[in-house]
Amino acid sequence: MRALAIALVLVTAGCGGKRQVGPAGPPAVAAAFPAARWIPGNPTYVVAAKTMRDAQRAFRDLVDTFGMVVGAETGEIATMLTQMLAVDPMSAEAVAAIGIDLDGGMALFSEDVNPTFVVHVSSREALQVFFDRQRERGLITQSVIVEGSEIFSAKLDAQLKLSWTVADDWLWVHFTIGTQDDGTAWFTASRHPGTPAWGDKWDAAQKLATRAPGLVGIVALRELAAKLATRAPEAAACARQLEAVNGVGVAIEAEGNFVGGRVAVDLGSAALRLAQHVLAPPPGWATASAKAPLSAQWNIDLRVVAEWVQPCVARMQDDGTGPRPADVPNLAAMLDEYGVRSGRAFAHSIDPDDNSGVGVVALDLTHPRYFASLLGQIPMRSKFEKTRQFGAYKGKHLSVPFVATADYVLDDRVFIAAMGDGQLQRAATGAPAAPPPAFAIDLLPPGLSVGVWTWLFTEADLPNPKRLAQRLQTWNDIHFSAQIDRERLVIDAQGNRR
């Protein structure tokens, strides 16, 4: 943990180096990002912000939103780093105090796998003081001169080496992960990037934002996966699954209480093939689920997903005679046990104490055996149910005295279950949304109490369920979705704080 903390702080600190002449400049579409001038001509990935302030805010927004799922909190991370290093890299005031230009640019990039950070320096003297303090704390460094710049390096542990330098009032920090030594080629490639070949992809990534983006990024996922596979040969089969991906664009934005991010995955002709495996929900689903505090859809055929993921689930184990393939679960066979192809659910209300609520679950099936067996466990079910028609579906109304009342449909293709008068009818009737999302999650946190959210997160075995429920209540709405847009899979995440 200490090594990671030092690495994070060194992104915003460093020393050394003489002024040199930089490159001609980035593509015109990236001219507003000052640090883009140092991005190599053919990067495998790039993330950049116009200013350090933008980068800090975007990182805090990511922690505030996605960090909820894993229990990470901005304050806890900041406190930990401050205790260990006497500076909070997430604090604008603390970063400025050690000589980083808050209004200067920031970029993270690589031509291979290991990342390089570049940030603008406002005070070389403050950086020197900060870094001297790190040496006093026990950081052991060595250095080498490259093109007149002194590049320092420190081995933080067996698998992480850090290198840094300052030139032309810019700080470079490079992470070498693993045992392979990157030398100083990362610095040379950045100082002499050559003709940039990433302008068109950067332009497309910027256009993903509906407001001014705080962070913009691109990933040559196919090429990055191939490079990762050379370092981990056991991942080669998984890397081949990404050969259809032409690239990835990312934009993260914030304005007032709004926070949003969009990822576009360029699948080329594979996007059309994927669209053919998106299963439509019941025709009235969009209307019936509107304004539900909790609504989720997964409409991509799980059998197709299982086939695609299968090469990536192989594990390696060492029994003393060297690594060998471990037993690999057959995902398709696991799915066949339950017969589920896709699924969706919404809830307008939930009462855990009374085992009641108002909502619907709808699943596409390959066979009905599993859910028929569940229904078969209800004693005297045939006495308590009546045949009903729900839109195009023939189903049952089930009322078990002192237990529950529900409607359901079960045939060879679907299983739909609903609680609440008229909910199944509304979900089964209406004009279908065209086209349906590949997946979607919509949350309206104020619509359910902290106690109900805590119960849901406990049932889902998420960490710190009560704290997670409390943090969720600071949002008015949160939305995640993925839609196939011509040759791209576009993933959206957005929300509005209260």
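Cys238 is partly exposed, at 24% relative accessibility, where buried means under 20% relative accessible area, exposed over 50% and partly exposed in between (1.4 Å probe, protein chains only). Its disulfide partner is Cys312, which counts as partly exposed at 31% relative accessibility. The model is predicted: local features need pLDDT of at least 70, side-chain atom pairs count only at pLDDT 80 or more, and totals for chains, interfaces and linings use all residues. Residues are numbered from 1 along each chain as its sequence is written, and side-chain values use heavy atoms, with hydrogens and water left out.

**Disulfide**

- A search of the whole structure finds one disulfide, the term denoting a pair of cysteine sulfur atoms within 2.5 Å.
- The S to S distance between Cys238 and Cys312 is 2.0 Å.
- The torsion about the S-S bond of Cys238 and Cys312 is about 90 degrees, so the disulfide is right-handed.
- The pair links distant parts of the chain, 74 residues apart: Cys238 belongs to helix 10 (residues 236-240), and Cys312 to the loop between helix 13 (302-309) and strand 12 (316-318).
- Helices (H or I, at least four residues) and strands (E, at least two) are DSSP runs, numbered from the N terminus.

**Nonpolar cores**

- The largest nonpolar core comprises 33 residues, and those with the most contacts inside it are Ile100, Met106, Trp164, Leu171, Val173 and Leu215.
- Strand 6 (residues 160-167) gives the most to this core, contributing four residues.
- A second, separate core has 23 residues, among them Ala48, Ala107, Val146 and Ile151.
- Such a core is a set of buried Ala, Val, Leu, Ile, Met, Phe, Trp, Tyr and Cys residues joined through side-chain atoms within 4.5 Å.

- Strand 17 (residues 393-400) and strand 18 (residues 404-410) run antiparallel and are joined by five bridges; two strands pair if DSSP finds at least two bridges between them.
- Lys396 has Tyr408 of strand 18 as its bridge partner.
- The hairpin of strand 17 and strand 18 has three residues between the strands, and Phe402 in this hairpin takes a positive phi near 65 degrees.
- Strand 18 is also joined to strand 19 (residues 414-419) by four bridges, in an antiparallel arrangement.
- Leu410 stands opposite Phe415 in strand 19, and a hairpin of three residues joins strand 18 to strand 19.

**Helix 19 and a buried arginine**

- Leu468, Ala469, Arg471 and Leu472 are buried in helix 19 (residues 465-472).
- Seen down the axis of helix 19, its buried residues fall within an arc of 165 degrees, so they line one face of the helix; the arc is that of the directions from the helix axis to the C-beta atoms.
- Arg191, in helix 7 (residues 185-191), counts as buried at 2% relative accessibility.
- The side chains of Arg191 and Asp168 are joined by a polar contact of 3.1 Å.
- A polar contact is a pair of N or O atoms within 3.5 Å; within protein, one must be able to donate a hydrogen and the other to accept it, and residues adjacent in sequence count only if both atoms are side-chain atoms.

**Positive phi in loops**

- Glu147, although not a glycine, has a positive phi of about 55 degrees.
- Glu147 lies in the loop between strand 4 (142-146) and strand 5 (149-157) and is partly exposed at 40% relative accessibility.
- Asp461, likewise not a glycine, has a positive phi of about 60 degrees.
- Asp461 is placed in the loop between helix 18 (450-459) and helix 19 and counts as exposed at 68% relative accessibility.
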